[in-house]
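My notes are below in the order I made them.

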Amino acid sequence: MNIEAIEAGMFPFGKHKNTKIAEAPEGYLCFFADKLATDLDADAVSVALYAACAGAAFELGYIAKRDAARAERRALDEQSEFIGIVGERREFTGTVVSQFEKTSDYAPTFWINKVRVGTDLVCYVGNKLGDRDQVITFKATIKKHDEYKGIKSTQVNRPKLVEKE
């Protein structure tokens with residue numbers, strides 16, 4: 001039943017059940033397309049769905065669009081430099097470029113926030129500072145300067161929001 005639906009170009013289950021695969025939202029298609037390479041224990045139906053989504057995402061240009069956006073973001077991230085001196089408390093104004101919630105069975109829920117201040121990245125792990133693309137002003141203490149995969153960032157702690165736009 002499920003394989004037949006996929007062969008007919010339809011989602012066999014889930015949020016978009018009975019929707020044409022090619023008409024599903026971009027993010028949904030890319031999500032399943034990515035699973036083709038990462039879900040190594042998937043059953044045959046899942047692999048067929050992942051492959052169909054990957055094909056549709058590729059044909060619709062979603063994969064190329066996403067790859068171009070990632071390359072653009074990477075190029076901008078590579079311009080990041082360290083800000084200030086460790087131990088210094090200062091004010092930052094920037095745009096929240098990413099924030100996501102992390103949960104664990106062993107620790108309380110926390111947020112990982114990245115704020116772009118000019119071309120530099122400021123990171124904070126703790127409470128949510130703002131929503132993606134929101135401009136915020138906050139005071140924080142510089143905890144350390146860090147580099148991950150060639151991207152420099154300034155890690156802060158004890159932020160206090162001054163203003164949100």
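Predicted model: local features only at pLDDT ≥ 70, side-chain atom pairs only at ≥ 80, totals over all residues.

**Entry 1**

Every value here is computed from it.

**Entry 1. α2 against α3**

I began with helix α2, residues 26-38, and helix α3, residues 44-59. Their axes lie 7 Å apart, and the packing angle is about 125°. An angle of 65 to 115 degrees would count as roughly perpendicular and one over 145 as roughly antiparallel; α2 and α3 are therefore oblique to each other. I recorded the crossing of α2 and α3 as left-handed.

Next I listed who meets whom. On the α2 side I found Leu29, Cys30, Phe32, Ala33, Lys35 and Leu36. On the α3 side the partners are Val47, Leu49, Tyr50, Ala51, Cys53, Ala54, Ala56 and Ala57. Sorted by class, this contact between α2 and α3 has 13 nonpolar residues, 1 charged residue and no polar ones.

**Entry 2. α2 against α4**

I then took α2 with α4. The angle is about 90° and the axes are 10 Å apart, so α2 and α4 are roughly perpendicular to each other. From α2 I wrote down Glu26, Leu29, Cys30, Ala33 and Asp34. From α4 the contact takes in Tyr62, Ile63, Lys65, Arg66 and Arg70. The class count for α2 with α4 is 5 nonpolar, 5 charged and no polar residues.

**Entry 3. The nonpolar cores**

Which residues have the most contacts inside the largest nonpolar core? I got Phe11, Ile21, Leu29, Phe32, Leu49, Cys53 and Ala57, in a core of 17 residues. The largest share, 6 residues, comes from α3.

A reminder to myself: in soluble globular proteins, nonpolar side chains tend to be buried together.

**Entry 4. The loop between α1 and α2**

I checked two residues of this loop, Lys17 and Asn18. Lys17 has a relative accessible area of 49%, so it is partly exposed. Not counting residues up to four places away in sequence, Lys17 touches Phe11 and Pro12. Lys17 and Gly27 are 10 residues apart along the chain, and their C-alpha atoms are separated by 16 Å.

Is Asn18 buried or exposed? Asn18 is exposed, because its relative accessible area is 55% and the cut-off for exposed is over 50%. I also noted a positive phi of about 70° at Asn18, although it is not a glycine.

**Entry 5. Asp133**

Asp133 is found in the loop between β3 (120-126) and β4 (135-148). Its phi is positive, about 70°, although Asp133 is not a glycine. With 60% relative accessibility, Asp133 counts as exposed.

Ala44 belongs to helix α3. I put Ala44 down as exposed because its relative accessibility is 60%. Ala44 and Ile3 are 41 residues apart in sequence, and their C-alpha atoms are 8.6 Å apart in space.

Leu76 lies in helix α4. Its relative accessibility is 31%, so Leu76 counts as partly exposed. Not counting residues up to four places away in sequence, Leu76 touches Arg116 and Thr119. From Leu76 to Ala37 I have 39 residues in sequence and 27 Å in space, C-alpha to C-alpha.

Where does Ser153 lie? Ser153 is in strand β5, residues 151-164. At 8% relative accessibility, Ser153 counts as buried. Leaving aside neighbours within four places in sequence, I listed its contacts as Ser80, Phe82, Leu121, Cys123, Lys144, His145 and Asp146. Ser153 and Ile85 are 68 residues apart along the chain, with 13 Å between their C-alpha atoms.

How values were computed. Residues numbered from 1 in each chain as written. Heavy atoms only, no water. Axes fitted to C-alpha atoms, helices over the stretch in contact; angles between N-to-C directions. Helix = DSSP H or I, 4+ residues; strand = E, 2+ residues; numbered from the N terminus. Parallel < 35°, antiparallel > 145°, perpendicular 65-115°, else oblique. Left-handed = near helix turned anticlockwise from the far one by under 90°. Contact = heavy atoms within 4.5 Å. Nonpolar A, V, L, I, M, F, W, Y, C, P; charged D, E, K, R; others polar. Core = buried A, V, L, I, M, F, W, Y, C linked by side-chain atoms within 4.5 Å. Buried < 20%, exposed > 50% of the residue type's maximum accessible area, 1.4 Å probe, protein only.
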